[in-house]
Amino acid sequence: MLAYIIRRLVYGVVTLVALSLVVFLLIQASGGGPLDRLKLNPRAQNLIAQLTEQWGLDKPVMQQYFTWLKNFVTPADVPAADGLIVLFGKIGLRGLTPIVLVLSAGAYTVWAFLVKIGQAWWRPVRAFSLVFVWLIALWLAKSRLVFSLTWGESFRGDGPVWDNIFGAAGATFRLGLAALVMALIIGIPLGIYQAIRQYSFFDQVGTTLSFVAFSTPIFIIAVGFQLLLALYLEKWTGVKLFFVTGMSDSSYGDLGFMAQMGDIVRHLTLPAMSIALISIAGYARFQRASMLEVMHSDYLRTAKAKGLPRRRVILKHALRNALIPIVTLVSLDVAGIIGGAIITESIFGWPGVGRLYIQAINAVDYPTIMAVVMSIGIGIVMMNIVADILYGVLDPRVRYD
Amino acid sequence: MRAVDGVSFDMMAGERRGVVGESGSGKSVTAMSIMRLIEPPAGEIVTGTIEFQGQNLLALPEDDMQDVRGGRIAMIFQDPMTSLNPVYTVGDQLIETIMLHQHVSKHDARRIAADALGDVQIPEPMARLDDYPHQFSGGMRQRVMIAMGLSCNPDLLIADEPTTALDVTTQAQIMDLMLKLAEDRGTAVMLITHDLGVVAGFCDTIQVMYAGGIVEYGNATDLFGNPQHPYTWGLLGSMTRLDESHTERLHSVRGAPPSLINPPLGCRFNPRCDFVQDICHDSYPALRESGRESQIAACHLATELDLNTIDVTGVVGS
């Protein structure tokens, strides 16, 4: 198991290097440069010369790539701190630790739920594999190796890229998590119900609506929600239910706890729904197909022939088998959710990584663009590994060697 | 389309019945109908009665039918590789059945499950309860299926081609095992197969099915020794025999099974029959006595033809 994870991590690093090279060359090939706007100013000649020298913009492309790579992986000179301060203090709060914590806790919850519906109570032993991965991640997070990285300086003069990205990551994480949860708790039951009532009116309507939602571009969905559920809703009923910009109200700090939660939900609902809708449609269609395949399987016939009630046949024997293929889909869809967040954040003025990314592209800020791409790449590589491990938990036939 | 039409038969307690016929003859559909496992949109039971121990199964509410399934009538299937749920242990699946029908504690159910695995000669049954289906070989999985079927002491076991997917030596072991278990417990067995050799060693009585109906019924010795229907005669003639020299080409029943969407008029076997006459095109023959007690055949000519005296190879050669 450990050897398997290590091997997968090595493959992951190779993938990431290839990704960075391709994206770097694409940015170079797309024309324009970080100093284009400055060049409009006739009095900035000296500054332009200085920045060109400092950022190495006059060097050959491959040399610029290696300069970027060096800045990306070199730790900054951060003063050493005591272990406990590293754990709970400045660096602990600086970025990944809470995210790693939430991610692993989430993975653990999903795992526990799947085991629970399968009623295989002795399997908590397997939890150790996940906890182990989680401990390694926590150790990396605590050690200076990861947290003293800056990922280079932004070309827009706003400090280390790492700080910018992880300053915005919380907002994107909140949005993405809300969208993912929404997609899972609506999409999967929807697909299962459609499969159980195949060809019913509900199934037909569901299939048609999924198809429509799946083929509508996200910016139309987002603007549509803004118009219908915020603008017209307020105009027609006088109720201001949802907000269309930002993460929280300007008066957020003065509100009580419940009012704060309400404020968060009212800001979060529309952008999260915009991102989730396509995933809901995708999950429902996929889950329906997967469930139908399982419902026609021989072992389901056996379960019926044993005299099990239909409910047990579906909930116990069909569901767990039908969830196996969707694990892959969900892990791959995380990329789709981040992609959706880029557009949605810009439409809803959400201060997340997506909006930062668009701003960086407009300013041709290589280090920030590269860092956003790389963090998405790292996330996908990690999610794929987690999905493969989850496969082993769900399906006893999978063995790692 | 009528997959099974006009099929009517009785079975005695403890009887071992062979149901033979080629693919698509309605053997499996008959069995699935007894279990009421035919569900729309795949198909439905339009009319008829299925009486089991004085109860009409077709009139039972679904809840009561669930007690019959697995409890009083058990069924095992053709492909043991796919008939067990891959994500649960064999023990889980056995214990589930036992607890459903016998109302015992989980601990007792586990013991009964281990006994059931022991009965089908799986070594170390207690330990193997915790193994998953993929950790068993094909033959072992079919043993597990048999154990699951018999764990609740059903009165009738329907075995739908239980050995078709297994290799020949395993087939023999499985059939011997089923014979022994059925005899010990007095369980009636309905064995569906297209393997006449398997039927001969196992069954008391045989019904031959063709194109959705029964064409011949009789006790095993009579039916094999003296087939009354040309189809049975053709099937028996197409078997290889160890006691004859193989100088001739092996006989086969010519043609292919008819389409049930548009079946031939009259006797459904008439396009393939070597003895076809005008009457065969006019009316569908009912099952009738064929001169021999307890043997009936659906053939207009059953009493006239003496198939026993006709050499199969002679007909084919002409």
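In this predicted model, helix H10 (residues 218–237) of chain A and helix H11 (residues 257–295) of chain A cross at roughly 135°, and their axes come within 9 Å. Angles over 145 degrees would count as roughly antiparallel, and 65 to 115 as roughly perpendicular. H10(A) and H11(A) are therefore oblique to each other. Their crossing is right-handed.

Now the residues at this contact. H10(A) contributes A:Ile218, A:Ile221, A:Ala222, A:Phe225, A:Gln226, A:Leu229 and A:Ala230. They meet A:Leu270, A:Met273, A:Ser274, A:Leu277 and A:Ile278 of H11(A). By class, the contact of H10(A) with H11(A) holds 10 nonpolar and 2 polar residues, with no charged ones.

Step back to the whole of chain A. Chain A has 15 helices and 0 strands. Of its 401 residues, 28% are buried. Take the contacts in chain A between residues at least 6 apart in sequence: 75% of them join residues at least 24 apart.

Next comes confidence. The mean pLDDT of chain A is 79, with 79% of its residues at 70 or more. Two stretches of chain A deserve a look. Over residues 79–95 of chain A, pLDDT stays under 50, and the model has 15 contacts for them beyond four places in sequence. Over residues 119–132 of chain A, pLDDT also stays under 50, with 11 such contacts. Where pLDDT is low, the predicted coordinates should not be read in detail.

Chain B averages a pLDDT of 86, and 92% of the residues score at least 70. Residues 314–318 of chain B fall below 50, and this stretch has 3 contacts in the model beyond near neighbours in sequence. The model as a whole scores ipTM 0.86 and pTM 0.74.

Technical notes: Residues numbered from 1 in each chain as written. Chains lettered and ligands numbered in written order. Predicted model: local features only at pLDDT ≥ 70, side-chain atom pairs only at ≥ 80, totals over all residues. Helix = DSSP H or I, 4+ residues; strand = E, 2+ residues; numbered from the N terminus. Buried ≥ 20, exposed ≤ 12 C-beta atoms within 10 Å, placed from the backbone. Contact = placed C-beta atoms within 7 Å. pLDDT = per-residue confidence, 0-100. Axes fitted to C-alpha atoms, helices over the stretch in contact; angles between N-to-C directions. Parallel < 35°, antiparallel > 145°, perpendicular 65-115°, else oblique. Left-handed = near helix turned anticlockwise from the far one by under 90°. Nonpolar A, V, L, I, M, F, W, Y, C, P; charged D, E, K, R; others polar.
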